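Hi there,

I'm passing on the structure we talked about, so that you can look at it yourself. Please open it first, and then read my notes below.

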Amino acid sequence: MSVTTTARFEIKYRSYLTPEGRLTGTPPAIASDPDLLKRLYRMMVLVRIFDSKAIALQRTGQLGTYASCLGHEATHVAIGAAMAPEDVFFPMYREYGTQLWRGVHMEEILAFWGGDERGTTFRDQPLDFPWAVPIATQTLHAAGAALAFKLRGEKRVAVTVIGDGGTSQGDFYESLNAAGVYQLPAVFVIANNQWAISVPLKAQTACETLAQKAIAAGLPGLQVDGNDVLAVHEAVSEALEKARGGGGASVIEALTYRLSDHTTADDARRYRSATEVEDAQKKEPIGRLRRLLVARQLWSDQDEEALVQDCQRQVDVAVQSYQAYGRPACSDMFDYTFAELPESLRAQREAALAEGPARG
Amino acid sequence: MAKVTLVEAVNLALARALADDPRVVLLGEDIGVNGGVFRATAGLQERFGPARVLDTPLAESMIAGLAIGMAAMGMRPVAEIQFSGFIYPTIDQMINHAGRLRTRTRGRLSVPMVLRAPSGAGIHAPEHHSESNESLFAHMPGIRVVMPSSPTRAYGLLLAAIQDPDPVVFFEPTRLYRLNKQEVPDNGQPLPLDTCFVLREGGDLTLVSWGAMLHETLETARWLAENEQVSAEVIDLGTLSPIDYETILESVGRTGRLVIVHEAPRTAGLGAEIAAEIAERALYELEAPIIRVTGYDVVTPFFKLEHDFMPSIDRIRRAAHQVLEP
């Protein structure tokens, strides 16, 4: 009998910006692009202020259940910044940083969580998919879109985000497998925030990393510090470039932490310790980028004050627009079911309209 | 013009769609090099190339999910599910995304895909190959469900399904795949998806059915005419969702008697839906209770019992007698 090794795998981890705001290793080119660094920082701050306002709206009965993105800002914003406008994004449901960068409006996000059909209009973002709540289904849509781009010879990439829990779903593996077989222009980002509602990563998988799930599909898998906007931006940019050049799909596991409850309907204190959250808080993404900017004398207290004020103003304007939406038309639930309303639905539509607005 | 079987008519329609519309792409398990396990896609990869006719990995949710992504990006994917009992993994993708993407983007994105699948029993197939699951899909908003019952309608309805701007689940009755031949002109003409087809006119009772059961239903109508001078109107539902009730109501208004025949299990089958709608809208025009002749509420049996499960001509005839002499 002879035993030989037929394949060997390893997963690399990348991180440049420490929680203290210091750069380590050989940082990517954007580390010396002050304008881009400041744009990334501004968007991360805007997202956090928006997020906090959305939670406040929910707590005061002005919004439905809301899924916070607290702690994920670097991962989400870096993805948006790395993508080209003609690429297409397939979100799960808390990637506001990516969406705002790509032209989705804050008032639309509020309308979605406010139970208003008009929230998914994306009036300035005609390409991207709406939120996918069922978990992992969107990864197949990304693979399908990538297949369309490849068959038509378009230099576009489909980008999707999935959580750590989502990687347990069959659709996730099926999408990676398709992307491997067809060598699709797709980027799969796993935003590993350590918790799938109440289930910690160690109860989700026996894998040492989630990036290694790529290996089974014949794709490269890379781990990055998801709270390091430089590392995420570099990894996603490289994966996009590779996909655009015909080199196929990549999987990037961004290690981050869900600092919030799963949604406003959840209470994370039931299943995780305050100490764990406090430790994670020390590694959160925004403070470390600010410390870098300040150390490089690219950012001052006055800049910070002006930014916070500007973000609060933008969020206030968005909240006002959302609140001015009023009630959606009852006919809305019928009118987009089919391109042309079938006779049987036309009768139901008329009956519903004749009822007048329901209470409650 | 050559006569073709139903499965050949499907092949003809797929070839026509591939030739006429560069957005059309076929995908499925074993559909390329092998030409499909039922031969529905025979020769198509050879003719149109592997970029138009794609063999996929073995994963049905993936097939549906890929088709959704492709369709939303402007293609016209026609996906094949290999056997009827293998369609269930697609349900999540179909109900949660295919049927609702237009609504969830207020018309910004849509899913003009076709999910083709074989349907029904009667060909001595192994387990999970003989299911009639159209009701599951007919219950999904935003999705059309279509089932042809002849080569001509297979050709025209499949072209219509491919051209339709919304998702269509297209069930192909395997028992009819090679049962008989018809002259089918390859003229690229679709048939309408918003109307039933009156296959036989009659004034004494109305028989409504779809797919393979129309074979037995038409046989029954012929028997009644020849042996009892009873003229039965036979309606092929064609599009199972949304249903064209006007044609059925018009017929029942004349006959006052309705029998619905389907192979799928009885409870929550489409027969119940049709019976309820006709009762609501035309009860006082009925001369007799509406009768359903259906498969039983049992696990689709192995093939030695499949003909005991499927409605027989005898059962349909008894139902006809019941409504004629209540």
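Let me begin with a pair of helices in chain B. Helix 9 of chain B uses B:Tyr245, B:Ile248, B:Leu249, B:Val252 and B:Gly253 to meet B:Ile274, B:Glu277, B:Ile278, B:Arg281 and B:Ala282 of helix 10 of chain B. Sorted by class, this contact has 7 nonpolar, 1 polar and 2 charged residues. Please keep in mind that the model is predicted.

How do the two helices sit against each other? Helix 9 of chain B covers residues 245–255 and helix 10 of chain B covers residues 270–282; they pack at an angle of about 60°, and their axes are 11 Å apart. Because of that angle, helix 9 of chain B is oblique to helix 10 of chain B. Their crossing is right-handed.

Next, the domains. In chain B, the assignment gives domain 1 (3–183) and domain 2 (197–324). Taken over C-alpha atoms, the centres of these two domains of chain B are separated by 26 Å. Where they touch, domain 1 of chain B contributes 25 residues and domain 2 of chain B contributes 23 residues. On the domain 1 side, at least two residues each come from helix 6 (134–138), strand 6 (144–146), helix 7 (151–163) and strand 7 (168–173) of chain B. That side of domain 1 of chain B has 11 nonpolar, 8 polar and 6 charged residues.

Chain A is also divided, into domain 1 (12–328) and domain 2 (329–360). For chain A, 36 Å separate the two domain centres, again taken over C-alpha atoms.

Then there is the place where the chains meet: 36 residues of chain B and 33 residues of chain A take part in the contact. On the side of chain B, helix 3 (60–72), helix 4 (91–98) and helix 5 (101–104) are the elements that give two or more residues. Which of them gives the most? It is helix 3 of chain B, with 9 residues. By class, the side of chain B that touches chain A has 17 nonpolar, 12 polar and 7 charged residues.

B:Asn34 counts as partly exposed, because it has 13 C-beta neighbours inside 10 Å. From B:Asn34 to B:Thr247 there are 213 residues in sequence and 41 Å in space, C-alpha to C-alpha.

How values were computed. Residues numbered from 1 in each chain as written. Chains lettered and ligands numbered in written order. Predicted model: local features only at pLDDT ≥ 70, side-chain atom pairs only at ≥ 80, totals over all residues. Axes fitted to C-alpha atoms, helices over the stretch in contact; angles between N-to-C directions. Helix = DSSP H or I, 4+ residues; strand = E, 2+ residues; numbered from the N terminus. Parallel < 35°, antiparallel > 145°, perpendicular 65-115°, else oblique. Left-handed = near helix turned anticlockwise from the far one by under 90°. Contact = placed C-beta atoms within 7 Å. Nonpolar A, V, L, I, M, F, W, Y, C, P; charged D, E, K, R; others polar. Domains from an automatic or database assignment. Buried ≥ 20, exposed ≤ 12 C-beta atoms within 10 Å, placed from the backbone.
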